[in-house]
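Good morning, and thank you for making time on the agenda. Please look at the structure on the screen while I go through a few of its features.

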Amino acid sequence: MTITKIFKEADLTSLFIKNQTSCIFLEVSIGSKNIFGKNSTDRKIDIVVIHGCKSKKPYNYNENKAYFLKLIQDSKNEVEIIEVKKKLNRVVIGQILVGEFMFKKKYEVKKIKKSILYHIGDDAMELFCKENKINLINYNQGTP
């Protein structure tokens, strides 16, 4: 008998963080009414990784906004945004594409890497992501 663990979003996030040495910020704000209009709500990206910065623990975005802004304005640092979902599907692909647009507008960052962290794949969605330069991080049984 084979027992398969289905990872929840929190499990996937924990597994990802455990293997990182770069600076990680969780639940980063990417939208507000003053940028996108009065009927727009604040939206968040699950994880933002600042490559080129070292840290042993993730940062809470709300408590470290000034440090976050300093890091993303440093042109030496590569910025990666990550959406986390149990299953790779059209919804999460839309979230990362819109997330990239909103992140660039809010933080005036020209180039970012976009990634999706997931557990259950879909061949068609994986092909779409490959052809549209969306990095895929698939944790299958805890192994990326």
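Let me begin with a question: is F25 buried or exposed? With a relative accessibility of 0%, F25 counts as buried; the term buried stands for under 20% relative accessible area, exposed for over 50%, and partly exposed for what lies in between, with a 1.4 Å probe and protein chains only.

A word on the basis of these values. The model is predicted, so to speak of local features we need pLDDT of at least 70, and side-chain atom pairs count only at pLDDT 80 or more, whereas totals for chains, interfaces and linings use all residues. Residues are numbered from 1 along each chain as its sequence is written, and side-chain values use heavy atoms, with hydrogens and water left out.

I turn to the aromatic rings. A search of the whole structure gives eight aromatic pairs. Rings of Phe, Tyr and Trp (its six-membered ring) pair if their centres lie within 6.5 Å; planes under 30 degrees apart count as stacked, over 60 as edge-to-face and the rest as tilted. F25 and Y59 are stacked, because their ring centres are 5.0 Å apart and their planes stand at 20 degrees. F25 belongs to strand 1 and Y59 to strand 3 (residues 59-60), so this pair ties together parts that are 34 residues apart in sequence. Helices (H or I, at least four residues) and strands (E, at least two) are DSSP runs, numbered from the N terminus. Y59 is buried as well, at a relative accessible area of 16%.

F25 also pairs with F68, this time edge-to-face, with 5.0 Å centre to centre and 75 degrees between the planes. F68 sits in helix 3 (residues 65-73), 43 residues from F25, and F68 is buried, with a relative accessible area of 0%. Ring pairs join F25, Y59, Y61, Y67, F68, F103 and Y107 into a cluster.

Next, the cysteines. How many disulfides does a search of the whole structure find? The search finds one, where a disulfide is a pair of cysteine sulfur atoms within 2.5 Å. C23 and C53 form this link, with their sulfur atoms 1.8 Å apart. The angle about the S-S bond is -45 degrees, and the link is left-handed. C23 is buried at 0% relative accessibility, and C53 is buried at 7%.

Finally, strand 5 (residues 113-118), in which five of the six residues are buried. Strand 5 pairs with strand 4 (residues 78-84) in the parallel sense over five bridges; strands pair if DSSP finds at least two bridges between them. The chain passes from strand 4 through helix 4 (residues 90-107) to strand 5 in a right-handed β-α-β crossover. Right-handed here means that, with the strands pointing away from the viewer, the path from the first strand over the helix to the second runs clockwise.

Within strand 5 we find S115, which is buried at 0% relative accessible area. The side chains of S115 and E80 are joined by a polar contact of 2.5 Å. A polar contact is a pair of N or O atoms within 3.5 Å; within protein, one must be able to donate a hydrogen and the other to accept it, and residues adjacent in sequence count only if both atoms are side-chain atoms.
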